[in-house]
Amino acid sequence: LVLLGSYVALDLVLVQPRLPVLRSRQATPPGEAAAPGAVAESLKPVTAYQETIAARNPFQLASVRSASVLTETSEDRLFEMVKILKVVGINRGAHPEALIEDVDAGRTHFVRVGDRVNGLDIVAIDEQGVVVRYEGEETRLE
């Protein structure tokens, strides 16, 4: 144990830690400094990355993805996405919540305003039902 302890102590003292070097795709030759705005110009806005992530939703049902490919307008896609959903219950507290059942998948989702279910944004929850939005089109689930 004494030998192991002394080895660790010497290793910490004698070996200088090296930080990993991250290189960008647009590597500059050694000795040259990159232009201050060169890296910033190659970056996309944050919304572009968020849209890419939203388009690749692994939790979206395959039936919803195939329905959105076959239909042409966002109103038609909204109808296809909504027809498999049913509001099971509504909690009308200070922060309303709803239970939405996906009939095809046999799942029930517990949602609040601002959440997403199968690619639909929850806009409002009231006594009459749940208002959902898809690509600017809105409808009410009852």
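Analyst: First a term: two strands pair if DSSP finds at least two bridges between them. Keep in mind that this is a predicted model. With that term in hand, Leu85 stands opposite Asp102 in β2.

User: Which strands make up the sheet with β2, and in what order?
Analyst: The order is β1-β2-β3, an open sheet of three strands with antiparallel pairing. β1 and β3 are at the edges with a single partner strand each, so one side of each has no neighbour in the sheet. From one strand to the next, the twist averages 25°.

User: How many bridges join β1 to β2?
Analyst: Six bridges join them, with β1 covering residues 85–91 and β2 covering residues 97–102. Lys86 has Glu101 in β2 as its bridge partner. The two strands form a hairpin, with five residues between them.

User: And what about β2 and β3, how many bridges there?
Analyst: β2 pairs with β3 (residues 107–112) over six bridges, in the antiparallel sense. Glu101 turns up again here, opposite Thr108 in β3. These strands also form a hairpin, with four residues between them. In that turn, Gly106 has a positive phi of about 70°.

User: Where do side chains point along a strand, in general?
Analyst: In a regular strand they alternate between the two faces of the sheet.

User: Changing topic: which residues make the nonpolar surface patch?
Analyst: The patch is about 1100 Å² and is made by Leu1, Leu4, Tyr7, Val8, Leu10, Leu12, Val13, Leu14 and Val15.

User: Take Leu14. Where is it placed, and is Leu14 buried or exposed?
Analyst: Leu14 lies in helix α1, residues 2–14. The cut-off for exposed is over 50% relative accessible area. Leu14 has 63% relative accessibility, so Leu14 counts as exposed.

Definitions and conventions. Residues numbered from 1 in each chain as written. Predicted model: local features only at pLDDT ≥ 70, side-chain atom pairs only at ≥ 80, totals over all residues. Heavy atoms only, no water. Patch = residues over 30% accessible without salt bridge, like charges linked within 9 Å, V, L, I, M, F, W, Y side chains within 5 Å. Areas by Shrake-Rupley, 256 points an atom, 1.4 Å probe, with all protein chains shown as cover. Salt bridge = Lys/Arg side-chain N within 4 Å of Asp/Glu carboxyl O. Buried < 20%, exposed > 50% of the residue type's maximum accessible area, 1.4 Å probe, protein only. Axes fitted to C-alpha atoms, helices over the stretch in contact; angles between N-to-C directions.
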